[in-house]
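This report covers a single protein chain, from its overall fold to selected side chains. Please read it alongside the sequence and coordinates.

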Amino acid sequence: MQVHDAKLVISAAEPHQYPSTDLAEVALSGRSNVGKSSFINKMIQRKGLARTSSQPGKTQTLNFYEINEAFRFVDVPGYGYAKVSKKDRVKWAKMIEKYLTTRDNLELLLLLMDFRHAPTALDIEMKNYAESLDIPYAIVLTKMDKIKRSQYPKHLSIYKKALDLPTVDALFPVSSATGEGLKDVWSIVEEFI
Ligand code: GDP
């Protein structure tokens, strides 16, 4: 997709702040530092629009980005940052739950995970949660430029097994450094919006 317009419409913590449901939404989640901001920026070709995390775990709002006035990317704050208090973790979970369980125009969830490592317990939990809510999802495996090409099959099979997937079709390796793999993610996004 050629992105000619991308803007942050609102950072929202509460449902009454969400934008109207007239546009399809594609939400993105992942643990802090997985490369979510870099991925969003690279997808929409806007260098600094989604902030790269100087303070991981800090942003506790859903950021709604409107793309080409046609659909929205919804940036879900990262999870799994060790220094976040229990209270903030509960707050995070409630915010995500409210959004994921009630948003009728949520069409697709992109679950970002680090291709270099096996999925974390929280990564697996997010995937199971999406499945339990019947939300279509795809798994975006970040930082593919950091591992050798010859290692891809091994890492894909680790993910397939750990996430209990029937095939590797839902796995999308990407690099926000080189742009590799982004076209495939756009194809799946376009199917859902
Ligand atoms: P976020 O916390 O999930 O938003 O992660 P960021 O986008 O801030 O990225 C965390 C770190 O990983 C930063 O230092 C990025 O430059 C780096 N990073 C993100 N994506 C990639 C990638 O595809 N390749 C490489 N080599 N580094 C990446």
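## Basis

The model is predicted: local features need pLDDT of at least 70, side-chain atom pairs count only at pLDDT 80 or more, and totals for chains, interfaces and linings use all residues. Residues are numbered from 1 along each chain as its sequence is written, and side-chain values use heavy atoms, with hydrogens and water left out.

## Overall fold

The protein chain holds five helices and seven strands. Both kinds of element are DSSP runs numbered from the N terminus, helices being H or I with at least four residues and strands E with at least two. Their order from the N terminus is β-β-α-β-β-α-β-α-β-α-β-α. The radius of gyration is 16 Å, close to the 16 Å that the globule rule gives for 193 residues, so the chain is as compact as a globular protein of that length. This radius is taken over C-alpha atoms, and the rule is 2.2 Å times the number of residues to the power 0.38.

The C-alpha trace spans about 45 × 40 × 35 Å along its principal axes. Of the 193 residues, 46% count as buried; buried means under 20% relative accessible area, exposed over 50% and partly exposed in between, with a 1.4 Å probe and protein chains only. Among contacts (heavy atoms within 4.5 Å) between residues at least 6 apart in sequence, 76% join residues at least 24 apart.

## Aromatic pairs

Rings of Phe, Tyr and Trp (its six-membered ring) pair if their centres lie within 6.5 Å; planes under 30 degrees apart count as stacked, over 60 as edge-to-face and the rest as tilted. By this rule there are eight aromatic pairs. One of them joins Tyr18 and Phe64, a tilted pair at 5.5 Å centre to centre with 45° between the planes. It links distant parts of the chain: Tyr18 is in the loop between β1 (6–12) and β2 (24–30), and Phe64, 46 residues away, is in strand β3 (residues 62–67). Tyr18 is buried at 9% relative accessible area, and Phe64 is buried at 0%.

Phe115 and Tyr152 also form a tilted pair, with 5.5 Å centre to centre and 45° between the planes. Phe115 lies in the loop between β5 (106–114) and α3 (121–132), while Tyr152 is in helix α4 (residues 152–162), 37 residues apart. Phe115 is buried at 0% relative accessibility, as is Tyr152 at 12%. Separately, Tyr18, Phe64 and Tyr99 form one aromatic cluster.

## Second largest pocket

On a 1 Å grid over the protein atoms alone, a pocket is an open set of points where a 1.4 Å probe fits, with protein on both sides within 12 Å along at least five of seven lines; lining residues have an atom within 4 Å of a point. The second largest pocket has a volume of about 360 Å³, the volume being the space filled by probe spheres set on points that are joined across faces, edges and corners.

Its lining has 17 residues, of which Tyr79, Trp92, Ala93, Leu122 and Glu125 lie nearest the centre. Helices α2 (86–102) and α3 each supply at least two lining residues, and α2 gives the most, with six.

## Ser175

Ser175 lies in the loop between β7 (171–173) and α5 (182–192) and is buried at 0% relative accessibility. Not counting residues up to four places away in sequence, Ser175 touches Met144, Asp145, Glu180 and Leu182. Leu163 is twelve residues from Ser175 in sequence and 21 Å from it in space, C-alpha to C-alpha.
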